[in-house]
Amino acid sequence: MSKHSILQENKSYTFGSYFELPYETEDIVAEFDYNFKRAKFSLPTSHRQLKGLPELRGRIEESLPLVSLSSEAARREVLIAPVLLQVARYCQCRLRIEYPLNINERLKGNLDYLLQANSQLLVIEAKNDDMTRGFRQLAVELIALSEWEPERDLIFGCVTMGELWIFGFLDRKQCLIQQSIDSLRVPGDLEVLVDVVVGILEG
């Protein structure tokens with residue numbers, strides 16, 4: 001397949017456009033000179049004692065029987081935002097919601113959630129159903145962030161349906177985007193998940 005055979009010349013693409021394209025993630029990121037692979041890798045973890053997690057778990061578990069999670073908006077309200085707000089409190093970092101990013105005509109759109117600390121960025125893409133396409137969109141968002149802050153060699157991201165969270169990262173030096181073959185669940189793996197997110201931001 002020849003270079004630039006997927007994306008059309010002189011056409012504008014938003015991050016959401018890549019979710020809709022019928023191509024593999026590896027073919028999409030190749031358009032930006034990145035490689036892609038799925039593999040097992042160790043995520044950073046925090047070494048702090050994080051207080052308040054039992055209370056957060058309790059609030060989520062109490063809410064689940066009361067709310068229908070059939071929409072992306074509901075999953076964001078009940079399962080995603082409470083977790084990320086708690087992380088922002090732990091790290092005293094900015095949580096940006098629907099954050100607009102415009103690098104060029106092929107790298108633009110809104111990031112669902114962006115956690116920004118001094119040492120790290122973490123982008124969270126919220127999807128209601130298709131995690132494979134969701135990670136494809138996340139991969140392009142990671143590429144956009146690497147252009148936005150070129151001094152960062154490693155940028156983490158996560159795609160989530162609320163209950164299910166899958167992490168990945170962009171390695172700028174290796175021109176590689178890697179997706180974890182493992183996943184975490186909320187509320188079951190809540191403590192591990194928060195430990196990982198805090199660990200990334202403290203990295």
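**Helix H6 and its partners**

I began with handedness: the crossing of H4 and H6 is right-handed. I call a crossing right-handed if the near helix is turned clockwise from the far one by less than a right angle, and left-handed if anticlockwise. Helices here are DSSP runs (H or I, at least four residues), strands likewise (E, at least two), both numbered from the N terminus.

This is a predicted model, so local features need pLDDT of at least 70 and side-chain atom pairs pLDDT 80 or more, while totals for chains, interfaces and linings use all residues. Numbering runs from 1 along each chain as its sequence is written, and side-chain values use heavy atoms, with hydrogens and water left out.

Next I looked up the geometry. H4 covers residues 72-91 and H6 covers residues 190-202; they pack at about 45°, axes 10 Å apart. That makes H4 oblique to H6. The cut-offs: under 35 degrees is roughly parallel, over 145 roughly antiparallel, 65 to 115 roughly perpendicular, and the rest oblique. Axes are lines fitted to C-alpha atoms, for helices over the stretch in contact, with angles from 0 to 180 degrees between N-to-C directions.

Which residues meet there? From H4 I listed Val 83, Val 87, Tyr 90 and Cys 91; from H6, Leu 190, Leu 193, Val 194, Val 197, Val 198 and Leu 201. Contact means heavy atoms within 4.5 Å. By class I get 10 nonpolar, no polar and no charged residues for H4 with H6. Ala, Val, Leu, Ile, Met, Phe, Trp, Tyr, Cys and Pro count as nonpolar; Asp, Glu, Lys and Arg as charged; the others, Gly among them, as polar.

Then I turned to H3 (residues 53-63). Its axis comes within 10 Å of that of H6, and the two cross at roughly 125°. H3 is therefore oblique to H6. Leu 53, Leu 56, Arg 57 and Ile 60 of H3 make the contact with Leu 190, Glu 191 and Val 194 of H6. The class count for H3 with H6 is 5 nonpolar, no polar and 2 charged residues. The crossing of H3 and H6 is right-handed.

**Two buried side chains**

I checked Arg 75, which is found in helix H4. Is Arg 75 buried or exposed? At a relative accessible area of 12%, Arg 75 is buried. Buried means under 20%, exposed over 50%, partly exposed in between (1.4 Å probe, protein chains only). A polar atom of the Arg 75 side chain lies 2.8 Å from the backbone oxygen of Leu 69. Leaving out residues up to four places away in sequence, Arg 75 touches Leu 69, Ile 80, Asn 128, Met 161 and Glu 163.

Phe 156 sits in strand S5 (residues 154-160). Its relative accessibility is 6%, so Phe 156 counts as buried. Beyond four places in sequence, Phe 156 touches residues including Leu 43, Pro 44, Leu 122, Phe 169 and Ile 200.

A reminder to myself: most residues other than glycine have a negative phi, and most peptide bonds are trans. I found a cis peptide bond between Val 186 and Pro 187, with omega about 10°. Pro 187 lies in the loop between strand S8 (184-185) and H6.

Asp 33 is not a glycine, yet has a positive phi of about 65°. I placed Asp 33 in the loop between helix H2 (25-30) and strand S1 (35-39). Glu 98 also has a positive phi, about 50°. Glu 98 is found in strand S2 (residues 94-104), and is partly exposed at 34% relative accessible area.

Technical notes
Polar contact = N/O pair within 3.5 Å; in protein donor to acceptor, adjacent residues only side chain to side chain.
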